[in-house]
Amino acid sequence: MILKKASCALPDEDFLRKMDIRIRGEKIVGIASDFVPEDGEEVFDVSALEMYPGAIDPHVHFNEPGFTHREDFFHGSMAAARGGVTTVIDMPCTSLPPVTTLENLKAKLKAIAGRSVVDFALFGGVSGDSIESALSVDMVDLAPFVVGYKCYFISGMDTFTELDHFGFNRALAKAASLGRPLLLHSEDPGIVYPATGYMKAQALREGRAATWDDYCDSRPELAETVAAAQALALAGKNSPKLHIVHVGTSEVADLLGFGLDGMDRGATCETCPHYLEFSRDDFVTKKSALKTTPPVKSRGQSGRLWELLAEGAIAFVASDHAPAPEAEKHTGSPWTDYGGIPGTGTLFPYVYSEGYRKNRLSLKSFLRVTGGAAADRYGLSGAKGSIRVGKDADLVLVDPRGEYRVSGKDLLSKGTITPFEGLKLSGSVRMTLVRGRMVWMASESERVGVPQSGICVAAGYGKHLIWGCS
């Protein structure tokens, strides 16, 4: 086919350019100002639309197998496609069993076979309760099939426990020797555990129910920065393989950018749309719909996070997609409400509207944070992350005149409780292609901001991307 006269976001360009894109099979085979159709080629006039590389969401919890009452690959990947995401990377910790061994990975692949609308990669995991097995056998066995490893300094999961500093140091060294990054949930248990106990005790002393301020104070900004400083000190020469996930505290990105001694150590980090949009003050109206771990922080953080994202100190944006049903999200207490939100479907639309369209991000920065940097970090850049000849035809077509009003019930995810409910965003995702095949087409009414289900097709088309698939 030929996609004709789209305003294309090409690599290294400062502005969109009107171009034709020729697709054969699954690949982009030509980019030119004007192609003459050949026999058998379909031509689609997309001159009213903008074209971007399909977004990469490098942090999702699709929970299959194990916790599929919250989310599964079918619904999660449909939500991704609807929002212009063509590749997701699934976390190892919210599966049963967790992806900490090759046997468990094979069980996961069997469970999700034929269930994804978009392409996907997987992270392996390093759990504190099996650290010796991980270092001696499991990380090596998993390496050909995963794009990195995930670990925690603090964990609430019995099946995926936290690492102590000694274990983290060894796990990072092992990951580096295997050519993979180690991802860290960066909160310090030496702050979070006593702070949580203190806030709970204070509420009891004052004879009141727990508040959202109690929850935020139990996981303060200091918990993130202390953990990041510890990780960087422990990383040493292996710091280029350290990646810190879902950063909500700008000081963490500053620390990684300048290092403990003022030198760039090469460690990277990501943030999420909810940290860019909300602060702890928004719990007054959003309540449990906004609860994540770590929580959103003070009002001044979001502006600085946008600046660091534009500068490149924050490498990319991820959703940390982790929804839950109403019974788990609304338990009546900030301590027991589930911490996680549906995010993969709003990732690209949010960053497009609030970042690129509002001039917080240049075109180059926008392409970096929505896919290019994640593709580079996780070994997928040979096939994913930009519109180039020879790469997969992963494309998202956006109507810049349209608008999108977020509605949880229309996300296509199993999760419908979103803090972005009702937010009006500039632009509307009209079509998403994965390897040249349309997996999402919006209904006409979406162009003017009326949410509809549209058409989501091609379940089972998505394939497992292994490290070095490029």
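Predicted model: local features only at pLDDT ≥ 70, side-chain atom pairs only at ≥ 80, totals over all residues.
1. Cys93 accordingly takes part in none, and the nearest cysteine sulfur to it, that of Cys151, lies 11 Å away. A disulfide is a covalent bond between the sulfur atoms of two cysteines, and the cut-off applied to such a sulfur pair here is 2.5 Å.

2. Are Cys93 and Cys216 buried or exposed? Cys93 has a relative accessibility of 1% and therefore counts as buried, and Cys216, at 3%, counts as buried as well, because the cut-off for that class is under 20% relative accessible area.

3. Strand S1 and its surroundings. Strand S1 spans residues 2-8, and six of its seven residues are buried, so the strand is largely enclosed by the rest of the structure.

4. Pairing partners of S1. Which strand pairs with S1 in the antiparallel sense? That partner is S2 (residues 17-24), joined to S1 over five bridges, and within this pairing Ala6 has Met19 of S2 as its bridge partner. The pairing of S1 with S4 (residues 43-45) is parallel and runs over three bridges, with Leu3 standing opposite Phe44 of S4. S1 also pairs in the parallel sense with S5 (residues 50-53), over two bridges, and here the bridge partner of Cys8 is Met51.

5. Packing of helices H4 and H7. The axes of H4 (residues 165-177) and H7 (residues 221-235) come within 9 Å of each other and cross at roughly 55°. On the H4 side the contact is made by His165, Phe168, Asn169 and Leu172, while H7 contributes Gln230, Ala231, Leu234 and Ala235. As for handedness, the crossing in which H4 passes H7 is right-handed.

How values were computed
Residues numbered from 1 in each chain as written. Heavy atoms only, no water. Buried < 20%, exposed > 50% of the residue type's maximum accessible area, 1.4 Å probe, protein only. Helix = DSSP H or I, 4+ residues; strand = E, 2+ residues; numbered from the N terminus. Pairing = 2+ DSSP bridges. Axes fitted to C-alpha atoms, helices over the stretch in contact; angles between N-to-C directions. Left-handed = near helix turned anticlockwise from the far one by under 90°. Contact = heavy atoms within 4.5 Å.
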